[in-house]
Amino acid sequence: MTPTTPEQLAEAIRATPCVLAVGAGTKPRLSQCDATLISTRALSGIVEYEPSEFTFTALAGTPVREIAAALAKSGQYLPFDPLLVNAGATLGGTVASGLSGPGRFRYGGLRDFILGVQFVDGEGRLLRMGGKVVKNAAGFDLPKFFVGSLGRYGVLAEITFKVFPRATAFRTVRIPTDNVAATMMSMSSTRWELDALDAACGGCDASSQEVPAPPSAPKGSGEAPSATRASQPPWGAVFARVGGPAVALDALTAEILARFPTGAVLAEDDAFWTSVREFKWAHADGVLVKVALTPKRLPELCAALGDARIHFSAGGNVAYVSQPAFEPRFAGFDALTLRGDAPLFPGIAPVVVPGVKTALDPQNRFPSL
Amino acid sequence: MLPSAPSLDRLKSLLPPERFLTQSAELAAYESDGLTAFKATPLAVAVPETQDEVIALVRACHAEGIPFVARGSGTSLSGGSMPVEGGIVITLNRLNRIVRLDHEERIAVVEAGVINTAVTLAAAPYGLLFAPDPSSQSICTIGGNIAFNSGGAHCLKYGMTSNHVLGLKAVLANGEVVEFGGASREMIGPDWTGLFVGNEGLFGIALEATLQLLPKPECYHTVLAGYHTIEQAGDAVSAIIASGLLPGAIEIMEGLAIEAAKAAVHADYPPGCDAVLIIELEGPREVVAADRARLDAILAASHPVEVRPARDANERLAIWKGRKSAFSAVGRLSPDFIVQDGVVPRRRLGEALRRIGEMSREMNIRCANVFHAGDGNLHPLILYDGREPGALHRAEQLAGRILKMCVEMGGSITGEHGVGVEKRDYLADMFSAEEIECMKRIRAAFDPLGIANPGKMFPGKEAPALTHHGLHPLEKAGVISRE
């Protein structure tokens, strides 16, 4: 089924007893369940875009790539840096999976930019919630609720977002460190107003530069990184990005380098951030898991994960973990598998309020979480 | 139907007598909130001091079917914390502990009764701030900010309260205690925290919240520009937006509001101006310096009467004082006024103001305009004299026409004050019957008996008693001001 309008989407849902919407399938684990799949790929196109309003509305199946290109023509962007854009991720899939990229560090995540939705509930009704202007407090904030809802409470048909003008220039400093968590936390409340603060651990440095060896394990000693991780704070590389007028960035970058003498300006920064957003650093056929955490739990996660590749984002508030094959090492963490053969929630299962599911989908037309 | 006496006895048994108020003199202080045109007398006011006491009260209300209204400092401008007849008020001001502040993770865990500015004060030694800044921030509580998803002057860049609440502990109206979200800025699964924020007290009571703190901008550059006409000020805003700058705040005051601010706080505005524009840039000093050069050029080309940059922190505060006191200042021009909160697409601001002016003249009701120009959030102040028969009714008619205009233009009936009692009849202008039914079903998931803040947000319930009041007493005293 490939509906091309919200009305057709509603009709298709009414005709299907057990259904899950799927966009481009860039997070394939999220749509692996026992249900009829409805593709939103033909439900595509930008409905409204007014650069002067800082808002756009698009159908849920619109590739984010197309939206990003339209915004760029007016010098605007989605500041939360959507993921898997080159891979073809759709706007609806991005909302339902609740994924934000490195840029969420400065202005907030996807949840902070979604303004309104039109969705189909479990009874096949086409409903609008939220609004189309940058500020709106009328009614319950269902648009936010759909962020991360995985298509289990309703199917998005059309979505309105707030956008921002994009800074004219960016610079990234790469800082090798033997304590990723401490380095990130020491930078997070500085005057620099970092645009992104990420870190790579476990030999997955997407900048393709040599990751420093653990200080206690001289090169060639053969000591496994996992052993090192368990006994001390994780080593790796921190990536700090600043954005703004080019003339201002030289001074900010110089000050960051003065504070962190092991750092260096990353020359191929565009390629690096693309690699981060597209998960180029992850095992191609492995398991990819998102973990929500706080920076202080970063060492604990690294210790639990052994030699997995880990990319931290948002100053250590989220980790993306790549394992060649699934290993159940996520106990005690909020975790979601995006691809690969692993439980959907390999750690703590998300909160469920059964009454809300009943309110939106009384017949369980969408599979329950 | 009024609950029978035994049911109140059960509630009464949960608190010492001095914290369960039932005398009419004690109740009088809780009859109204920031929307002073409405009032209702509760059966009792409960003053819990701990989260467990709040939970016990809500569970008893659920068991006895007694409606309750949670109240912080009572600054709601939409009647959100106005009591319901036959129900009780649960005040949360004494739940005022800052449980934990972690400057490295940039979060604060606070109880619902903590005052908005207390969070920023606690964060200041670490160079951090809590971004939401409603004009009542010196007395309004975090619990109220959460219930109504409060805004402020800096929403364009930082968003509303919801954008800064990471996690919540709440007692739902069905007596259940839930925890949503947490200390991480990211999450797994649906955004329950996001759904709860802005529920207008219809789901239950937030007890404790985890708030995100941001680095305090190193540098501010605040400019006041005066214009002969509101159109010129509006054009300047359009030019700023088109330039790609992202100011922290863009505010406009016009006509009557300017006169009022001059009279009340001796705000010093350029003479002969019908519109005053306030723009604030913020960030690292190098960024602000570069942005300032661009802003200066835009303003110079915008035909201002005068442009006055704040030269130091005191001048910045003076500019903001004039703006933030505008509402209470208007109180000097009129015994009563209604504040509206509609939103229009930014490009239609000029048209919206023109139509408000026309309606105001046509109905012979004075109207002062103050608004968040950056995000199209209008605050028309509709002046009336409540002693004059029918005046409030006519003022409300004008307010209603303005709200309908906002919806017609593709905007919203409320940008930051919430629907509350005041705008519930207009919810149906924005949402279809099916959409409102959907919201009601969601409400019922948290509050099956409909006892949490009933009569708010949804149209069609019995209208509360309309009474003439004056300004909020604290507003008269100049302690608080409205956004």
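What follows is a short tour of a predicted model.

Begin with the rings. Over all chains, the count comes to 22 aromatic pairs. One of them joins A:Phe113 and A:Phe164, whose ring centres are 5.3 Å apart. Their planes meet at 85°, so this pair is edge-to-face; the cut-off for that class is over 60 degrees. The two residues come from distant parts of the chain, 51 residues apart. A:Phe113 sits in the loop between α4 (104-107) and β6 (114-120) of chain A. A:Phe164 belongs to strand β9 (residues 164-165) of chain A. Both partners are shielded: A:Phe113 is buried at 1% relative accessibility, and A:Phe164 is buried at 0%.

Another pair is formed by A:Phe279 and A:Trp281. This one is tilted, with 6.0 Å centre to centre and 55° between the planes. A:Phe279 is buried at 3% relative accessibility, and A:Trp281 is buried with a relative accessible area of 6%.

Some ring pairs link up into a cluster with members in chain A and chain B. From chain A come A:Phe119, A:Phe140, A:Phe145, A:Phe146 and A:Tyr153. From chain B come B:Phe180, B:Trp192, B:Phe196, B:Phe203, B:Phe446 and B:Phe458.

Rings also meet charges. The charged end of A:Arg166 sits over the ring of A:Tyr77, 5.9 Å from the ring centre. A:Arg241 lies over the face of A:Phe170, and here the distance to the ring centre is 5.6 Å.

A:Glu158 lies in strand β8 (residues 155-162) of chain A. Is A:Glu158 buried or exposed? With 8% relative accessibility, A:Glu158 counts as buried, because the limit for buried is under 20%. Its side chain has a polar contact of 3.1 Å with the side chain of A:Arg128. Leaving aside neighbours within four places in sequence, A:Glu158 is in contact with residues including A:Val47, A:Thr57, A:Leu59, A:Val117, A:Gln118 and A:Lys132.

A:Gln323 is found in strand β16 (residues 318-323) of chain A. A:Gln323 is buried too, at 2% relative accessibility. Not counting residues up to four places away in sequence, A:Gln323 touches A:His283, A:Gly286, A:Val287, A:Leu305, A:Ala308, A:Arg329 and A:Phe330.

Chain B has a β16 of its own, covering residues 336-339. In a regular strand the side chains alternate between the two faces of the sheet. In this strand both faces are covered. B:Asp336 and B:Ile338 are buried on one side, B:Phe337 and B:Val339 on the other. β16(B) pairs with strand β18 (residues 377-384) of chain B in the antiparallel sense, over four bridges. Within that pairing, B:Phe337 stands opposite B:Leu383 in β18(B).

Back in chain A, consider A:Phe105 in helix α4. A:Phe105 is buried at 11% relative accessibility. Leaving aside neighbours within four places in sequence, the contacts of A:Phe105 include A:Ser188, A:Leu194, A:Asp195, A:Leu197 and A:Ala314. Chain B is represented as well, by B:Arg106.

Next, the cysteines. How many disulfides does the structure hold over all chains? The number is zero. A:Cys18 is partly exposed, with a relative accessible area of 27%. The sulfur of A:Cys201 has its closest cysteine sulfur in A:Cys302, at 4.6 Å, and that is also too far for a bond. A:Cys201 is buried at 1% relative accessibility. The cut-off for a disulfide is 2.5 Å between the sulfur atoms.

Finish with the backbone. Most residues other than glycine have a negative phi. A:Asp81 is not a glycine, yet its phi is positive, about 55°. A:Asp81 is found in the loop between β5 (76-77) and α3 (91-97) of chain A, and is buried at 9% relative accessibility. A:Phe279, from the tilted ring pair, also has a positive phi of about 55° without being a glycine. A:Phe279 has its place in the loop between α9 (269-277) and β14 (287-292) of chain A.

Methods. Residues are numbered from 1 along each chain as its sequence is written. Chains are lettered from A and ligands numbered from 1 in the order in which they are written. This is a predicted model: local features need pLDDT of at least 70, side-chain atom pairs count only at pLDDT 80 or more; totals for chains, interfaces and linings use all residues. Side-chain values use heavy atoms; hydrogens and water are left out. Buried means under 20% relative accessible area, exposed over 50%, partly exposed in between (1.4 Å probe, protein chains only). A polar contact is a pair of N or O atoms within 3.5 Å; within protein, one must be able to donate a hydrogen and the other to accept it, and residues adjacent in sequence count only if both atoms are side-chain atoms. Contact means heavy atoms within 4.5 Å. Rings of Phe, Tyr and Trp (its six-membered ring) pair if their centres lie within 6.5 Å; planes under 30 degrees apart count as stacked, over 60 as edge-to-face and the rest as tilted. A charge sits over a ring if NZ of Lys or CZ of Arg is within 6 Å of the ring centre and within 35 degrees of the ring normal. Two strands pair if DSSP finds at least two bridges between them.
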